Amino acid sequence: MPSLYDDLFEDDGAKNELTNRKRKSLDVDDHLFPENQKESLDEILLLIKQFNVQAEPFSQLLSHTRAVDHEVEKGILDFFLITKDKYNQGTLVKERKYYEILQSKFTSIIAPMKDLAHIHLQTIKQFNSDIDKDYYSVEKTDKQVKSEKEAAINHINIQRKILADAATSLSILEEALANTEDRLRTYINAGGINNISSSECEILTQKRISLTNGQLNQFDFSFFKINLLDKTAIAMGMYLKETTSQYLGKLNKVFN
């Protein structure tokens, strides 16, 4: 067994070799556990903060866009009677202008929504990959970890609500665009200043479909529509890993 005092009597060469070995060992440890590397939960909370920063002006945009003003109301009587369309603009020129307004509103929402959806995807990916009931932090108490996990789940559910709200606005605008196209068709070959060709109507429809089905922006917003089951789970603050894994798999396809 080596003496505790051997180091005191080693020659300089041996001492240097021992020092080099220790340094290499420390270098390996530093490589495995870099000081500035964030813990997974901290990275998730940082992504949540990033989402929130962008979500604030986005939520104001949804308010100012007022998509609900363009909601097409269809009651049961519409299937049996020809009811007056309150959005009828009266002339082809006004219908064109209204159509352009709807397109502009749709585009102004879908672009920033896509950015938020990317952050949402990254957040859920990391949460599902790294956070479970056995998650441990070297710097935080179990109580703090539990509190931050609950906060993360709450914010993930809030993200889904915000994206669902945007999806609802886009769905309203999509239907309003299709409804306006129906009115534009009444001017096909009408003659005079209120004349539009069937070819132009067809092109408008194809461009609208490309915009609203995700092809143009490579983003399918309709995925974020929330059904009754989703609403219940979110309201209860639930986060089921198996269910969320399926959600994550579908979410990956939203950007294709």
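This is a predicted model: local features need pLDDT of at least 70, side-chain atom pairs count only at pLDDT 80 or more; totals for chains, interfaces and linings use all residues.
At 24% relative accessibility, does Asp85 count as buried, partly exposed or exposed, and what is the answer for its salt-bridge partner? The partner is Arg183, and the closest N and O atoms of the two side chains are 2.8 Å apart. Arg183 itself is buried, with a relative accessible area of 7%.

The protein chain contains eight helices and zero strands, giving the pattern α-α-α-α-α-α-α-α along the sequence. Of its 256 residues, 34% are buried. The chain exposes about 16,800 Å², and carbon and sulfur atoms supply 54% of that area. Among contacts with a separation of 6 or more, 83% are between residues 24 or more positions apart.

Side chains of opposite charge can pair when their charged atoms come close. The structure holds 10 salt bridges. One of them joins Lys140 to Asp42, with the closest N and O atoms 2.4 Å apart. Lys140 sits in the loop between α4 and α5, whereas Asp42 belongs to helix α3 (residues 40-65), and the two are 98 residues apart. Lys140 counts as buried at 14% relative accessibility, while Asp42, at 23%, counts as partly exposed.

A further salt bridge brings Glu181 and Arg208 together at 2.9 Å, N to O. Glu181 lies in helix α5 and Arg208 in helix α6, so the pair ties together parts that are 27 residues apart in sequence. Both of these residues are buried. Elsewhere, salt bridges with shared partners join Asp42, Lys140 and Glu148 into one network.

Helix α6 spans residues 198-212, a run of 15 residues. From its first C-alpha to its last the helix reaches 21 Å, close to the 21 Å expected at 1.5 Å a residue. Besides Arg208, the buried residues of α6 are Cys201, Leu204, Thr205, Ser210, Leu211 and Thr212. The cover over these buried residues includes α4 (92-130) and α5 (142-185). Just after α6, Gly214 takes a positive phi of about 95 degrees.

A pair of aromatic rings is described by the distance of the centres and the angle of the planes. The count comes to six aromatic pairs. One of them, formed by Tyr87 and Tyr98, is stacked, with 6.4 Å centre to centre and 15 degrees between the planes. Tyr87 lies in the loop between α3 and α4 and Tyr98 in helix α4, so the pair ties together parts that are 11 residues apart in sequence. Tyr87 counts as buried at 11% relative accessibility, and Tyr98 is buried too, with a relative accessible area of 9%.

Finally, Phe219, Phe223, Phe224, Tyr247 and Phe255 form one aromatic cluster. Tyr247 also has a charged neighbour: Arg160 lies over the face of its ring, at 4.2 Å from the ring centre.

Conventions:
Residues are numbered from 1 along each chain as its sequence is written. Side-chain values use heavy atoms; hydrogens and water are left out. Helices (H or I, at least four residues) and strands (E, at least two) are DSSP runs, numbered from the N terminus. The expected span of a helix is 1.5 Å times one less than its number of residues. Buried means under 20% relative accessible area, exposed over 50%, partly exposed in between (1.4 Å probe, protein chains only). Contact means heavy atoms within 4.5 Å. Accessible areas come from the Shrake-Rupley method with a 1.4 Å probe; for residues, only the protein chains shown count as cover. A salt bridge is a side-chain nitrogen of Lys or Arg within 4 Å of a carboxyl oxygen of Asp or Glu. Rings of Phe, Tyr and Trp (its six-membered ring) pair if their centres lie within 6.5 Å; planes under 30 degrees apart count as stacked, over 60 as edge-to-face and the rest as tilted. A charge sits over a ring if NZ of Lys or CZ of Arg is within 6 Å of the ring centre and within 35 degrees of the ring normal.
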